[in-house]
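Please read them with the coordinates open.

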Amino acid sequence: MNERQILIVEDDPQIRNFIQYTLKREGYSSLTAGTAQGAMSILVRERVDVVLLDLGLPDYDGLEVIHKLRQWWDGGILVVSARDQDREKAAALDAGADDYLTKPFSATELMARLRVTIRHLGRSSGTPQSCVLRTGQLTMDLDKRLVTLEGQPIHLTPMEYNLLQLLFRNLGKVLTTKTILNEIYGVGYGTDTQALRTLTAALRRRIEKTPAVPQYLITEIGVGYRLADLG
Ligand code: CA
């Protein structure tokens, strides 16, 4: 059995039941709320690891809920939003959400995103990890500053290295363009998206077999980038 407790905040009973059923089947226990206010009152009295938050709630704006939550609560926030809300997804991530799911989603997608969110719980991105990071055939040794692809060392420029390290530290998780720019160029450069496009294209030429069909560095259209967790 899983010890994790998930709070499902969703006003549509059908979706809420589907999520609750899926979580139960996978061994997670869950609580439910149909409004933001209901969610808050649960969070102040119950131990919750991850909140699955529908952005379209009847009482409060989803982004406002994330901002409020992040003032005092540091569990995982997995946002659920309707299609064609790319701007809203990026804003949700910048506000402190960990990842998002787009409706409609499958049970498989739900569990994959939830696992990533749980893996990142309590892991501060500023904490140095002295270990070899890996996804698929791509590895990154932070002590030796060595990156290999299929066992062969590959050379990266310092900026490419910094970008890959940031993505590796958030393996499987989407990072917004703004977050990446702030992290690797410094705060204030959060609008130079062209610079990031150039940098990701350069990194893809180093780490991808077919840069036009990336396997590792995935673009999340209108939101940002994700380094695929291929195990
Ligand atoms: Ca809704």
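1. β6 and strand β7 (residues 138-141) pair in the antiparallel sense, over four bridges. Two strands count as paired if DSSP finds at least two bridges between them. Helices (H or I, at least four residues) and strands (E, at least two) are DSSP runs, numbered from the N terminus. Within this pairing, leucine 133 stands opposite methionine 140 in β7.

2. On sources: this is a predicted model, in which local features need pLDDT of at least 70 and side-chain atom pairs count only at pLDDT 80 or more, while totals for chains, interfaces and linings use all residues. Residues are numbered from 1 along each chain as its sequence is written, and side-chain values use heavy atoms, with hydrogens and water left out.

3. The β6 and β7 pair belongs to an open sheet of four strands, in the order β6-β7-β8-β9, with antiparallel pairing. At the edges stand β6 (132-135) and β9 (152-154), each with a single partner strand, so one side of each has no neighbour in the sheet. On average, neighbouring strands here are turned by 25° against each other, direction ignored. Helix α6 (residues 158-169) packs on this sheet and touches β6, β7 and β8 (146-149); its direction makes about 105° with that of β7. Axes are lines fitted to C-alpha atoms, for helices over the stretch in contact, and angles run from 0 to 180 degrees between N-to-C directions. Contact means heavy atoms within 4.5 Å.

4. A second open sheet has three strands in the order β10-β12-β11, again with antiparallel pairing. Its edge strands are β10 (174-176) and β11 (217-220), each pairing on one side only. Neighbouring strands of this sheet are turned by 30° against each other on average, direction ignored. β11 and strand β12 (residues 224-227) pair over four bridges in the antiparallel sense, and the bridge partner of threonine 219 in β12 is tyrosine 225. Helix α7 (residues 177-185) lies across β10 and β12, running at about 75° to β10.

5. The cut-offs are under 20% relative accessible area for buried and over 50% for exposed, with partly exposed in between (1.4 Å probe, protein chains only). Leaving aside neighbours within four places in sequence, threonine 176 is in contact with Ala90, Leu93, Asp94, Val223 and Gly224.

6. A search of the whole structure finds one aromatic pair. Phenylalanine 18 and phenylalanine 105 form this pair, which is tilted, at 6.0 Å centre to centre and 50° between the planes. Phenylalanine 18 lies in helix α1 (residues 13-25) and phenylalanine 105 in the loop between β5 (99-102) and α5 (107-119), so the pair ties together parts that are 87 residues apart in sequence. Rings of Phe, Tyr and Trp (its six-membered ring) pair if their centres lie within 6.5 Å; planes under 30 degrees apart count as stacked, over 60 as edge-to-face and the rest as tilted. Phenylalanine 18 is partly exposed at 31% relative accessibility, whereas phenylalanine 105 is buried at 11%.

7. The charged end of arginine 145 sits over the ring of tyrosine 161, 3.9 Å from its centre. The criterion is NZ of Lys or CZ of Arg within 6 Å of the ring centre and within 35 degrees of the ring normal.

8. There are 14 salt bridges, each defined as a side-chain nitrogen of Lys or Arg within 4 Å of a carboxyl oxygen of Asp or Glu. Aspartate 229 forms one of them with arginine 119, with the closest N and O atoms 2.4 Å apart. That pair links distant parts of the chain, aspartate 229 in the segment after β12 and arginine 119 in helix α5, 110 residues apart. Both are partly exposed, aspartate 229 at 31% and arginine 119 at 40% relative accessibility.

9. Other salt bridges include that of aspartate 141 with lysine 144 (4.0 Å, N to O). Here aspartate 141 is buried at 12% relative accessibility, whereas lysine 144 is exposed at 63%. Arginine 45 and glutamate 46 form another, with the closest N and O atoms 3.7 Å apart. Arg4, Arg47 and Asp49 are linked in a network of salt bridges.
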